[in-house]
Amino acid sequence: MTTINPKKLENSSKENNLHHEDFRLFGLITFLIADGMTFAGFFAAYLTYKAVNPLPDGAIYELELPIPTINTILLLISSATFHKAGKALLKKNNFESQKWLLITSVLGITFLICQLFEYFHLPFGLTDNLFASTFYALTGFHGLHVTLGTLMILIILWQTRIDGGRVSYKNMFPFEAVELYWHFVDGIWVILFIILYLL
Amino acid sequence: MTILIDKKNQVAEKIQPKGFLRYFSFSLDHKVIGIQYLVCGFLFYLVGGTLASAIRIELTSPMSDFMPRDVYNQVLTLHGTIMIFLWIVPVVNGAFGNYLIPFYVGARDMAFPRLNAVAFWLIPPSGLMLITSYFIDGAAQAGWTAYPPLSITTPQSGQIVWILSVLLLGGSSIFGGINFIATILKLRRPGLKLMQLPMYCWAMLGTSILVVLSTPVLAGTLILLSFDIVANTGFFNPVLGGNVVVYQHLFWFYSHPAVYIMVLPAFGLVSEILPIHCRKALFGYRTMVFSIMGIVVLGLVVWAHHMFTSGTPPWMRLFFTIATAFIAVPTGIKFFNWVATMWGGKISINSAMLFSCGFIINFVFGGITGVALAQVPFDIHVHDTYFVVAHFHYIVYGGSVFVIFSSIYHWFPKVTGKLLDEKLGMLHFALTFIGFNLCFAPQHWLGLNGMPRRVAEYDPQFQFVNQISSLGALFMAISTIPFLINIFLSIKNGKKAGDNPWRALTPEWLTSSPPPVENWKGEAPLVTEPYGYGNDLKDNKEFL
């Protein structure tokens with residue numbers, strides 16, 4: 001049994017070595033799994049603290065629900081509008097796509113403003129107690145992700161312009177990458193909302 | 001969607017400098033990046049080795065007379081961090097992975113060449129940052145584990161630099177892991193199946209899964225720790241209501257898999273080297289693959305065996321003891337497979353083979369003490385003593401570092417086209433093997449008799465054994481000299497190796513040595529049986 005036969009290979013298609021499928025999205029998914037593990041570590045820490053570390057007497061840890069609920073709805077809608085933008089881009093309608101992207105980014109910015117509003121009206125600060133520190137670490141780390149995502153949406157929005165933009169139905173990757181990232185950030189928020197506010 | 005990789009590479013080729021200078025450039029060639037990793041890692045190994053020598057000099061006498069106690073703490077912290085994050089992890093993963101994996105999957109480069117270069121160039125600055133922190137306000141003093149509250153209460157600027165540096169190195173390692181997973185799963189040559197890959201690919205796949213799943217947790221933990229130091233939060237500070245055990249859980253969730261991140265690639269490399277120098281097929285390919293994956297799965301659920309003295313509840317002790325004991329099964333399978341590969345083979349005694357045999361001997365010893373340490377009563381007795389130090393060094397030095405040297409002897413002809421001198425190589429092996437065992441075997445005894453680790457002063461009754469240990473360290477330090485002389489002499493005027501000096505069948509040897517820029521002049525060969533030695537040799541005369 002021969003193991004290597006280069007002669008046979010000469011006949012095989014040379015195309016195979018020159019082209020390969022696009023696996024940038026695969027790489028991004030792997031990265032998002034890694035990113036998700038960071039959040040998993042934070043969640044694990046938070047839940048352990050909640051289970052074993054009693055807070056000092058008089059510590060305030062009751063959270064108001066309205067703002068985070070609005071925030072959840074905002075992010076869920078933004079996921080849908082991003083999806084709409086993608087559909088429009090596939091139909092080669094860049095202007096329509098830009099419109100939906102603008103709505104998505106405005107929703108993202110509104111989320112951040114609501115988050116900051118909540119921060120300023122909370123009865124505890126970063127170093128008050130363990131719960132407060134974990135709360136700010138978790139929401140802050142997520143807010144950092146939303147900030148980055150919003151910036152990337154604005155870049156995509158600029159690049160989707162008809163004359164000179166680099167993103168179009170022919171080059172969907174940047175768009176798909178940001179969309180995947182945005183859905184990931186939304187998904188993390190839903191988990192965060194359940195664990196931090198509802199549990 | 002398709003990408004024309006050839007066009008990209010042609011552009012890259014024009015921009016990049018040629019010759020020796022390309023090792024100092026932001027090169028995208030996986031072979032250049034591999035060598036960059038290796039040489040950079042080796043320089044840090046020399047620094048870490050110097051620090052280890054300083055530790056052993058200090059320990060020749062029971063009092064702390066060679067250096068003050070706080071300097072001793074800084075030295076041992078830097079030694080651990082440099083050896084783990086800047087030498088073993090980058091070299092067994094980054095260096096050999098980058099050099100070999102594209103060959104093994106029949107590709108012309110890694111999946112993401114730019115990400116690859118970024119991953120490498122994160123390492124030198126973070127390493128230099130770590131070392132220079134010593135000259136500013138003193139380096140970190142809390143050991144490579146950086147346990148709070150110690151890491152919060154010791155001088156803080158060094159600790160912050162330590163955290164920043166480890167975060168950067170963690171990022172580098174995640175980028176590398178993503179790249180390896182994509183390369184192995186997605187960039188394989190058409191027609192090459194997963195179960196036909198050389199074993200190192202499987203080892204790197206398993207390692208990269210561990211890197212991607214566990215390194216981010218360490219990053220998150222260190223961010224929280226830095227908040228404790230800088231912003232006065234109380235995550236891990238008991239004074240402020242925090243919980244130190246949570247840090248230990250999160251830290252070991254990374255740092256136990258980190259042991260496998262250091263040793264699994266070494267398993268893979270040994271599985272490549274043994275069949276070639278024994279002229280026999282790798283024994284039990286399938287069981288090897290399954291045991292690697294078994295180690296990956298089990299490796300993620302055993303972390304708390306480092307914490308048996310941290311007030312772990314009984315159910316947790318029971319679970320982690322059993323899970324840890326189970327890891328001995330896949331590891332044992334691999335060990336017996338290596339022995340069976342050598343059994344009845346035509347073994348050629350050369351430096352690469354000697355270092356691999358040294359690895360097998362040391363590793364089985366380190367493995368046995370590992371199983372012993374997994375048992376709660378025994379672990380509580382020897383916790384934080386020199387027994388743990390000895391066990392750990394038998395795994396990472398006797399295991400990984402022996403394999404790194406073995407691989408350097410094995411693949412040096414591939415990289416340079418010249419052979420290393422065998423006599424100097426065997427001298428290097430003899431000094432390393434004797435020195436290593438002289439240094440670390442007595443430490444088992446020290447630990448069993450209660451000498452604590454990480455302390456500059458000790459009970460005078462241990463002085464004699466410590467001096468034997470330091471003598472071994474001296475041998476190890478001297479062993480670097482013939483190795484370096486060998487490398488420099490052989491690069492200048494070594495014997496010409498030819499393209500395939502070991503008559504190997506794995507794909508990297510089926511091209512010229514050193515390989516051309518895009519690995520193969522024509523098509524990449526389809527190697528479906530990388531270990532087809534033995535009876536099949538007659539059919540492959542053209543390659544032998």
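**Close-up views of a predicted model**

View 1. Although not a glycine, B:Asn232 has a positive phi of about 65°. Most residues other than glycine have a negative phi, and most peptide bonds are trans.

The model is predicted, so that local features need pLDDT of at least 70 and side-chain atom pairs count only at pLDDT 80 or more, while totals for chains, interfaces and linings use all residues. Residues are numbered from 1 along each chain as its sequence is written, and chains are lettered from A and ligands numbered from 1 in the order in which they are written.

**View 2. The loop around B:Asp384.** B:Asp384, in the loop between α13 (376–382) and α14 (386–416) of chain B, has a positive phi near 55° and is a residue other than glycine. B:Asp384 is partly exposed, with 13 other C-beta atoms within 10 Å.

**View 3. Two cis peptide bonds in chain B.** The bond from B:Pro148 to B:Pro149 is cis, with omega near 5°, and B:Pro149 belongs to the loop between α5 (123–137) and α6 (150–153). The bond from B:Ser513 to B:Pro514 is also cis, with omega near -10°, and B:Pro514 falls in the segment after α16 (463–493).

Terms used. Helix = DSSP H or I, 4+ residues; strand = E, 2+ residues; numbered from the N terminus. Buried ≥ 20, exposed ≤ 12 C-beta atoms within 10 Å, placed from the backbone.
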